[in-house]
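Please study the sequence and the model before reading each solution.

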Amino acid sequence: MSKIFEYTNDISLSRSARIRRSISNSGYARQERGSPTFYSMQLSLPLLTKTKYDEVEAELLGLEDGIDFKTTSIPSIINLTFANGSITAQSGSTITVVNANTSGVDVQLANVDNSSNVKAGDFIQFSSSTKVYQIKADATASTNIISFKLMTGAINPIVSGNTFTYGNGVQFKMLLNGRPNVNVVPGPGFNYYQYGPFNFQEIL
């Protein structure tokens, strides 16, 4: 895991999508989503010791031309999900993706235990893409199938044969937008180091 993410004690998550606006010949205005939803994260780090500062600096100095793509999970001490559900396999079976409609919003998983449920806001990721999705509404399994909606359409088709990761184990592919300033904070016989906010943008 990135040392920046490992040492953070505060993450702010936001979602954004491009909006297309058009006006018809009769003067009616319309707007619609022009792209899938992408995530931005702002991370704050606490005061760092020299040892931890050196680790973060080594990571920053390793950026090629100031740009780096990081694939990272959210630290376990930070819970960005709303209310984790649980997806477990039916006894003796392997969970499979059986359907995602053409827009990739409606997804079905088969061979799940009927106790399985998902919660609105929970993260899920499929092996067809690095994209992380969120679940739109709570859903509960029935007849060993669970059906749920994603907040945004799929980047790549979600099809049979895909595997998935659910909850905080998803891996975000992020771009660091610039290097934050760092200040030296004098301590009793040693110094601490305080970084400004780190801003990351999800990419594919």
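**Exercise 1.** Identify the residues of the largest nonpolar core that touch the most other members.

*Solution.* Step 1: a nonpolar core is a set of buried Ala, Val, Leu, Ile, Met, Phe, Trp, Tyr and Cys residues joined through side-chain atoms within 4.5 Å; buried means under 20% relative accessible area (1.4 Å probe, protein chains only). Step 2: among the 24 residues of the largest core, those with the most contacts to other members are Met41, Val56, Phe172, Phe198 and Phe200. Step 3: two or more residues each come from α1 (3-7), β4 (38-44), α2 (50-61), β14 (172-176), β16 (191-195) and β17 (198-202). Helices (H or I, at least four residues) and strands (E, at least two) are DSSP runs, numbered from the N terminus. Step 4: a separate second core has 18 residues, including Ile95, Val107, Leu109 and Ile158.

The model is predicted: local features need pLDDT of at least 70, side-chain atom pairs count only at pLDDT 80 or more, and totals for chains, interfaces and linings use all residues. Residues are numbered from 1 along each chain as its sequence is written, and side-chain values use heavy atoms, with hydrogens and water left out.

**Exercise 2.** Describe how β15 and β16 are joined.

*Solution.* Step 1: two strands pair if DSSP finds at least two bridges between them. Step 2: β15 (residues 182-186) runs antiparallel to β16, with five bridges between them. Step 3: opposite proline 186 stands asparagine 191 of β16. Step 4: four residues lie between the strands of this hairpin, where glycine 189 has a positive phi near 95 degrees.

Terms used:
Buried means under 20% relative accessible area, exposed over 50%, partly exposed in between (1.4 Å probe, protein chains only).
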